[in-house]
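Take the structure below one part at a time.

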Amino acid sequence: MSNDVADDAQAEETIELPLTALGLIGALARAMEEHQTGVIKPKKDAPKVPLIKGFDEEKRTDLVVEIGGQEVGRYKVNLTRDRFEVADEAAFDAFADSQDEIDIVIVRKKSWEDAVLQYAEMNPETGTIFDSRNGEEIPGLKFVPGGQPTGSVTWTWKKRNGQPVGKSVLLAAYRRGDLNELLRKTPELLPARQPGASDE
């Protein structure tokens, strides 16, 4: 069996777990990152696909991970921001030329374009786009609304007084054996057996 087939089979098994279990596995994997880095990374990011799918289907933006009623941390779906972009190159080039912002190679100056995009606003009644610094209409731009998944998620440990207490809560639960049932389904998260260790 190839590694690709094995990886696909593992991915299918991971997705079948409840999202709360995936989040707990992901949090534990982050706490054990130095252990078996190559094996643990896929588990650390296991909630990514179902979280992004959940955003698409029900606008769920995050997953709070808890154990024993205590928050460990959370995964948050990263979203795109509203932005303006060039939709009509010719019209925007003509505008750049009228502002003397064309380089000799006949391309817009990047710094000028960045500034125009930064200060662009849209009139909600007319839909025209203008420069908020001087009110001048800007041809060739379009407004692209944000709020779509970027394809990545962000993890944040639960903190108290600036300290990541969620990591301590999770590792304490791990040491007590509270996660044993869950870990039977993901044995690759267990520490490797040391050579010569007894069976006690």
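**The sheet and its helices**

Gly73 stands opposite Trp157 in S7. This is a predicted model, in which local features need pLDDT of at least 70 and side-chain atom pairs count only at pLDDT 80 or more, while totals for chains, interfaces and linings use all residues. Residues are numbered from 1 along each chain as its sequence is written, and side-chain values use heavy atoms, with hydrogens and water left out. Helices (H or I, at least four residues) and strands (E, at least two) are DSSP runs, numbered from the N terminus.

Strand S2 (residues 70–79) is joined to S7 by 6 bridges, and the two run antiparallel. Two strands are taken to pair if DSSP finds at least two bridges between them. S1 also pairs with S2 in the antiparallel sense, over 6 bridges, and here Leu63 stands opposite Tyr75 in S2. S1 and S2 form a hairpin with 2 residues between them; in the turn, Gly68 has a positive phi of about 60°.

Together, 3 strands make an open sheet in the order S1-S2-S7, with antiparallel pairing. Strand S1 (62–67) and strand S7 (149–157) are at the edges, each with a single partner strand, so one side of each has no neighbour in the sheet. Direction ignored, neighbouring strands of this sheet are turned by 20° against each other on average. Angles in general run from 0 to 180 degrees between N-to-C directions, and axes are lines fitted to C-alpha atoms, for helices over the stretch in contact.

In a regular strand the side chains alternate between the two faces of the sheet. Buried means under 20% relative accessible area, exposed over 50%, and partly exposed in between (1.4 Å probe, protein chains only).

Helix H4 (residues 48–58) lies across S1, S2 and S7 and runs at about 120° to S7.

Helix H2 (residues 19–31) also packs against helix H7 (residues 165–176), at an angle of about 100° and with the axes 10 Å apart. H2 and H7 are therefore roughly perpendicular to each other (angles under 35 degrees count as roughly parallel, over 145 as roughly antiparallel, 65 to 115 as roughly perpendicular and the rest as oblique). H2 contributes Leu24, Ala27, Leu28 and Ala31 to the contact, and H7 contributes Lys167, Leu170, Leu171 and Tyr174.

**Around helix H6**

In helix H6 (residues 110–119), the buried residues are Trp112, Glu113, Ala115 and Val116. Seen down the axis of H6, they fall within an arc of 165°, so they line one face of the helix; the arc is that of the directions from the helix axis to the C-beta atoms. The face turned away from this buried side carries the exposed residues Lys110, Ser111 and Gln118.

The buried residues of H6 pack against strand S3 (83–86), helix H5 (89–98), strand S4 (120–122) and strand S6 (141–144). The axes of H5 and H6 come within 12 Å and cross at roughly 105°. Phe92, Phe95 and Ala96 of H5 meet Trp112, Glu113 and Val116 of H6.

Glu113 has 13% relative accessibility and therefore counts as buried. Leaving aside neighbours within four places in sequence, Glu113 is in contact with Val86, Phe92 and Arg108.

Key. Contact = heavy atoms within 4.5 Å.
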